[in-house]
Amino acid sequence: MVTLWGTPTSPYVRRTRILALELGVPFELRNTNDPGVQDELVAASPTWKIPTVRLDDGTVLWESAIIHHALLHRTGGTLANGEGSLSIPGEEARLRVAAIDAALDAGIALFYMKRDAVDLSVPYLQKQRARIDAAMAWVITQVESARVGAELSLDTIALVTTLDWFELRAAWPVQHPALLDAQARWATRDSFKQTRPPG
Ligand SMILES: N[C@@H](CCC(=O)N[C@@H](CS)C(=O)NCC(=O)O)C(=O)O
């Protein structure tokens with residue numbers, strides 16, 4: 001059984017949960033908000049970030065892209081529902097994930113700073129806000145041309161979990177019709193439904 005340290009609301013952890021469900025990899029989610037579990041994370045990962053996993057063979061991994069590569073590599077990518085397989089992403093898909101991550105990281109940073117009553121009007125933080133807009137404007141072109149969002153893939157999982165988190169935290173307005181379409185398309189799939197953040 002894979003141990004997955006994370007929270008039910010983390011968009012990065014949700015990516016890993018969706019992938020594990022799709023690949024039929026059993027895992028236990030250790031909620032780092034529960035008493036004592038943060039200590040387990042700190043002991044396991046020098047970055048203290050979620051997702052962090054311990055695989056069946058005892059290997060500990062952090063960074064979602066590395067975790068996902070390991071899961072795809074170890075399972076061969078075969079989907080548990082028998083409907084095809086997921087491949088290890090190539091350069092273009094990794095670029096899309098990188099752009100989505102840039103928007104999400106900026107959104108997460110701004111969300112936590114706002115919660116801590118930081119003044120968001122300083123130039124560096126304004127730049128973070130502009131970075132979300134710029135990265136998402138490019139991502140929209142990729143969705144419109146069906147490079148992402150149409151098929152199940154790591155970049156599609158990254159896209160939809162990010163959009164859902166933007167909505168959950170009111171961190172960025174998900175309004176573009178192509179984004180709304182992609183969100184709606186995947187909302188009914190089991191792995192996305194089961195991992196929908198509470199709240
Ligand atoms: N690049 C990392 C990002 C992971 C990440 O930022 N996770 C957030 C939660 S969504 C986190 O652990 N934040 C804790 C912190 O920054 O203290 C990945 O892809 O795994």
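The structure is a predicted model, in which local features need pLDDT of at least 70 and side-chain atom pairs count only at pLDDT 80 or more, while totals for chains, interfaces and linings use all residues. Residues are numbered from 1 along each chain as its sequence is written.

The protein chain contains eight helices and four strands, taken as DSSP runs (helices H or I, at least four residues; strands E, at least two) and numbered from the N terminus. Their order from the N terminus is β-α-β-α-β-β-α-α-α-α-α-α. The radius of gyration is 17 Å, close to the 16 Å given by the globule rule for 199 residues, so the protein chain is as compact as a globular protein of that length; the radius is taken over C-alpha atoms, and the rule is 2.2 Å times the number of residues to the power 0.38.

The ligand is surrounded by Ser10, Pro11, Tyr12, Lys49, Ile50, Pro51, Glu63, Ser64, Ala65 and Ile108, a residue being near a molecule if its C-beta atom, placed from the backbone, lies within 6 Å of it. Helix 1 (11-23) and helix 3 (64-75) each contribute at least two residues to this shell.

An automatic or database domain assignment divides the protein chain into domain 1 (2-75) and domain 2 (91-193). The C-alpha centres of the two domains are 21 Å apart. Contacts (C-beta atoms, placed from the backbone, within 7 Å) link 10 residues of domain 1 with 11 residues of domain 2. On the side of domain 1 that touches domain 2, helix 1 provides the largest share, seven residues.

Terms used. Contact = placed C-beta atoms within 7 Å.
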